[in-house]
Amino acid sequence: MQRRDFLFSSLAAAGAAAALNPARAAGRERVRIALIGTGMRGQVLLQELVRRDDVEVAALCDIDPFMLNRALGQVAKAGKPKPRTVGEDGDAQAWRKLLDASKIDGVIIATPWELHAQMAIAAMEAKVTVGCEVVAGVTLQDHWDVLNTQLKTGTPYMLLENVCYRRDVMAVLQMVRAGLFGELVHMQGGYQHDLRAVKFNAGVPGKAYGGGVEFGPKGWSEARWRTEHSVRRNGELYPSHGIGPCAMYANIHRGNRFTHINAFATKARGLHGYVEAQGGKSHPNAAVKFALGDVVTTTLACENGETIILQHDTSLPRPYSLGFRVQGTKGLWMDVNKSLHVEGISPPHQWEPFQPYQDKFEHPLWKKYAATAASAGHGGMDFFVIHSFIEALKASAPMPIDIFDAVAWSAITPLSEQSIASGFKTLEFPDFTGGLWKTRKPIFAFDDRY
Ligand SMILES: NC(=O)c1ccc[n+]([C@@H]2O[C@H](COP(=O)([O-])OP(=O)(O)OC[C@H]3O[C@@H](n4cnc5c(N)ncnc54)[C@H](O)[C@@H]3O)[C@@H](O)[C@H]2O)c1
């Protein structure tokens, strides 16, 4: 499609969607939100929704009555009206009943990864704005399908990537924009989180972490579905926490883009070792072969000459760290040692503590909402990701983490799998924007609104 035609059809579709959806047409004070998937993550997001006066939690959906009841308890505790519920009968398609733009303005999807694309596509087709938990789809085709549906319908879509809102990450965004590190050259990030006790448990409702080595139908919460991805897939399975902030620093899709990708994977030892150590060598799951390498290293090249390295490291003992490094011609920041170095300011060849810089470059959003965010999940960033989604929806403003960000960040997974499967080949990265990256301008977090 020619760019002009594409823009025209997007704008036309957006107009049609606004006509159907009063919240978007008028710029409303209050929006009606449905939540599909009231599991461990859905409940954290729900906590952010129920404490807002500008949100009516209109409907909840989950096929696990235990999870659904917990969510209903949260709404009641907050003193909010009981939402409509569907799915308690175990109907895996019940979520479709909620996607009615005359009853809800937006839907938040917090289900297993393999359901995100189909749920987002159906919602966008129903003109219901989508806030989708990290991971836009599983296969590369899923990502194209999600993108094409968004372009066809014009329904807003935001990837709910919360790490972009982390306090230090946002302060570094200010530093990058102020030129503190000079011209950006290289970035690193990743998902380095020992998930062994998340991927295995005893399948007891309410006990999500550890206590057993079951997964699949015998597991509970993420052990029920996430572990299966480690059995079948070898790649960068969770890219957005690492790539999201780096992509914002590098203005990806706004004057820059990913051009190439390759990935390497180590041998797989951690998950098998955990099952043997916790469940014994004779446990049936000790015979399971895991495809996922313990450490997967992905490299991306960018149009403007930067490289970005992501590391996925979830099967070995290690403290949590996303391993950020942002490096330019004048200096660098690394989050593991909470320090930075800036030539001409820092003592030569020495690290300086990050905290005074964080205070000086505090992002306007954090300046305004730090106290409100204090009780939210993940050190406050979960407040901001929901806040931005709701504020953008109310204002009919572009989503701060939009469809191009969502599909490019998330498509790193199938592309990294493809690279590893083909002997670590370097692949060309698809241009999901169809050339629009050349003229689009950065919009993420330029003020204290969203
Ligand atoms: N951004 C973050 O920091 C963060 C943190 C944790 C999880 N997540 C993401 O959130 C999502 C959910 O993860 P989780 O930890 O809550 O997992 P979970 O297993 O605890 O919750 C998923 C819920 O989806 C429900 N579900 C499954 N199939 C369904 C269907 N057909 N219809 C309705 N509900 C269905 C399950 O019953 C379950 O309650 C995943 O994408 C995960 O990667 C993000």
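Guide: Two residues are in contact if their C-beta atoms, placed from the backbone, lie within 7 Å. This is a predicted model, where local features need pLDDT of at least 70, side-chain atom pairs count only at pLDDT 80 or more, and totals for chains, interfaces and linings use all residues. Numbering starts from 1 along each chain as its sequence is written.

Visitor: Which residues in helix 4 does helix 3 meet?
Guide: Helices here are DSSP runs (H or I, at least four residues), numbered from the N terminus. From helix 3, G42, Q43, L46, Q47 and V50 take part. Their partners in helix 4 are R70, A71, Q74 and V75.

Visitor: How are helix 3 and helix 4 oriented to each other?
Guide: Axes are lines fitted to C-alpha atoms over the stretch in contact, with angles from 0 to 180 degrees between N-to-C directions. The two axes come within 10 Å and cross at roughly 20°. Angles under 35 degrees count as roughly parallel. Helix 3 and helix 4 are therefore roughly parallel.

Visitor: Which helix gives the most to the shell around the ligand?
Guide: Of the 28 residues around the ligand, G37, G39, R41, D64 and S221 come nearest. Helix 3 (40-50), helix 5 (113-125) and helix 9 (222-232) each give two or more. With three residues, the one that gives the most is helix 3.

Visitor: Between which domains does the ligand lie?
Guide: The domain bounds come from an automatic or database domain assignment. Two domains both give residues to the shell, so the ligand lies between domain 1 (3-155) and domain 2 (166-366 + 403-438).

Technical notes:
Near = placed C-beta within 6 Å. Parallel < 35°, antiparallel > 145°, perpendicular 65-115°, else oblique.
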